[in-house]
Amino acid sequence: MKRNIPLLITFCTGIFFVIAFFAPALSDISDAGQRGYLVIAAFALLVAILNLLMVHSSNVYRQGKNWGLSVVLIFFFFFTSIVGFLDKADMDGTTNFSFVYNFIYNPLQATMFSLLAFYVSSASFRAFRIKTKEATLMMIAGFFVMLGRVPIGSAIWDQFPTVQSWIMNYFATGAMRAITIGVAIGAVSMSIKIIFGLERAYLGGGD
Amino acid sequence: MWEKIKNLDKRIIYLCVALSVIIPMLNPIGLPIVITEETRRAFQAVDNLPPGSRVLFSADYDPGSEAELFPMNIAILRHCFQKKLRVVMTGLWPQGPAEMNKAFGEIKKDYPTLTYGTDYVNVGYKAGGLVVVNSIGSDFTIAFPKDQAGTDIRELPILQDVKNYSSFGLVISLSAGSSGGVVWVAYGGTKYHVDVITGCTAVSATEFYPYYSSGQFKGLINGLAGAAEYEKMVGAPGKGIRGMDAQSMSHLVIIGFIILGNVIYLTEKYGKK
């Protein structure tokens, strides 16, 4: 019973939403289902928050690895949340929450992402070797795409943007299309297995 | 000598990259920007809308992708207001609506007559990704009953008669990953037949090209270069155009390091034979 009821719910819901996608007459019930999903998604955020706080509170209590950073995380979690709840959202960027977002959170995250430029350049020097024919082709393609995407490329040779566009529109798009279709077929196949109860890993328990 | 270069201190590489970005920022070279077809089509999708049309503008990114997507956010927003379009702002990422507020803050002084709730609105973030996009197709109020400040959207003139995608002339998504442009085009575009354009980070552009070449995206703004092109077409040079000189130089530096690394590799390989 513990397994059959979830399987039955999954089967009925799955079949219903597949039919509802093609049947406008079922849109009212489908809308209700979507409202339900949005509520579940909101609760999923809550679960994520509780999980985050439990993991880091436990780390502080045990004085585990980098527990000081966990203290910082918990402090700023509550600090940002309280500031956000107290302030009404605005379009002028004058609230305290806008200040926290624009001058603390924003530069910190942008900095983290910007560091990639340094790692990529260092890795490209040490690891990008033309050891095989495929690696050589990839390096040539990368060379044309990198130069074709920036103004200095067209200043060096005015056909760099054309070659870049050709590579992106034919080779890259063709490969990506194959990957996307493959993933989609895999997702459909997995969905069918879940709807018909052939794939039960999501229920837990290991069988 | 090769051994020394091979074991080059990575701090020297970091310094070269930093200088390749900083020097052009301080002393712009002013290299000409070439407009690509993808960006031109995105621009035309906005430009062809009649004044008063409603556009749904979704910032599906966070500050990590701001360097590339924020300049195009500003340029597109500016274009919308130049064309007297009514902009409904949202985001499938939690930070998206704040990015929209920030972009609007950058240009609001140029459009002092715009009124919140009449000319533009920010309906905030809603968790759910593709279900949010899909539910707008049935009824906009399912996903967004209130704006970001908690005001009932029926009290706002811009959204009083909003129904679903038929109420919007265009959907614009600035996308740094999932959920983003692909979700908007798969559900909003393909199922509900609304026109969709997207702007994306250069590293994720490959994911978007299949949808652009099939005509599902009406335009594609690719990375900082795309942002610079859009700024040029709008006639308002900003961070995109300023950043292109730095990006040109940093690409040259990285290509230089790749070539140098391979020269060392090939010298060692054939030198041993």
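Q: How many residues of S6(B) are buried?
A: 5 of its 6 residues, so S6(B) is mostly covered.

Q: OK, what about S1(B), how many of its residues are buried?
A: S1 runs over residues 54-60 of chain B, and 7 of its 7 residues are buried.

Q: Which way do the side chains of S1(B) point?
A: B:Arg54, B:Leu56, B:Ser58 and B:Asp60 point one way, while B:Val55, B:Phe57 and B:Ala59 point the other way. Both sets are buried. As background, side chains in a regular strand alternate between the two faces of the sheet.

Q: Which strand does S1(B) pair with?
A: With S2(B), residues 86-91, in the parallel sense and over 5 bridges. There, B:Leu56 stands opposite B:Val88 in S2(B).

Q: Switching topic: which residues have a positive phi although they are not glycine?
A: Two to look at are A:Gln63, with a phi of about 50 degrees, and B:His193, at about 60 degrees. For context, most residues other than glycine have a negative phi.

Q: Where do they sit?
A: In loops. A:Gln63 lies between helix H2 (27-62) and helix H3 (67-86) of chain A, and B:His193 is in the loop between H8 and S5 of chain B.

Q: Are those two buried or exposed, and why?
A: Exposed. The cut-off is over 50% relative accessible area. A:Gln63 counts as exposed because its value is 53%, and B:His193 does because its value is 66%.

Q: What joins B:Ser178 and B:Ser179?
A: A cis peptide bond, with omega at about -5 degrees. B:Ser179 is found in the loop between S4 and H8 of chain B. Most peptide bonds are trans, as a general point.

Q: Now chain A. Why does A:Ser124 count as buried?
A: Because its relative accessibility is 6%, and buried means under 20%. A:Ser124 lies in helix H4 of chain A, residues 96-127.

Q: What is A:Ser124 in contact with?
A: If you leave aside its neighbours within four places in sequence, A:Ser124 is in contact with A:Arg129, B:Ile254, B:Phe257 and B:Ile258.

Q: And A:Thr80, where is it?
A: In helix H3 of chain A. A:Thr80 is partly exposed, because its relative accessible area is 27%. Not counting residues up to four places away in sequence, A:Thr80 touches A:Phe97 and A:Val100.

Q: How far apart are A:Thr80 and A:Asn51?
A: They are 29 residues apart in sequence and 18 Å apart in space, going C-alpha to C-alpha.

Q: How many cavities of 30 Å³ or more are there?
A: The structure holds 1. About 110 Å³ of space lies in the largest cavity.

Q: What lines that largest cavity?
A: 13 residues, of which A:Arg149, A:Val150, A:Pro151, B:Val34 and B:Glu229 lie nearest its centre. Helix H6 (151-156) of chain A and helix H10 (223-234) of chain B each supply at least two residues of the lining. By class, the lining has 8 nonpolar, 3 polar and 2 charged residues.

Q: Last one: what scores does the model get?
A: ipTM is 0.83 and pTM is 0.89. Chain B averages a pLDDT of 93, and 99% of the residues score at least 70. In general, where pLDDT is low, the predicted coordinates should not be read in detail.

Methods: Residues are numbered from 1 along each chain as its sequence is written. Chains are lettered from A and ligands numbered from 1 in the order in which they are written. This is a predicted model: local features need pLDDT of at least 70, side-chain atom pairs count only at pLDDT 80 or more; totals for chains, interfaces and linings use all residues. Side-chain values use heavy atoms; hydrogens and water are left out. pLDDT is the predictor's confidence in each residue, from 0 to 100. On a 1 Å grid over the protein atoms alone, a cavity is a set of points where a 1.4 Å probe fits but cannot get out, and a pocket is an open set with protein on both sides within 12 Å along at least five of seven lines; lining residues have an atom within 4 Å of a point. Grid points are joined across faces, edges and corners, and a volume is the space filled by probe spheres set on the points. Helices (H or I, at least four residues) and strands (E, at least two) are DSSP runs, numbered from the N terminus. Ala, Val, Leu, Ile, Met, Phe, Trp, Tyr, Cys and Pro count as nonpolar, Asp, Glu, Lys and Arg as charged, and the others, Gly among them, as polar. Buried means under 20% relative accessible area, exposed over 50%, partly exposed in between (1.4 Å probe, protein chains only). Contact means heavy atoms within 4.5 Å. Two strands pair if DSSP finds at least two bridges between them.
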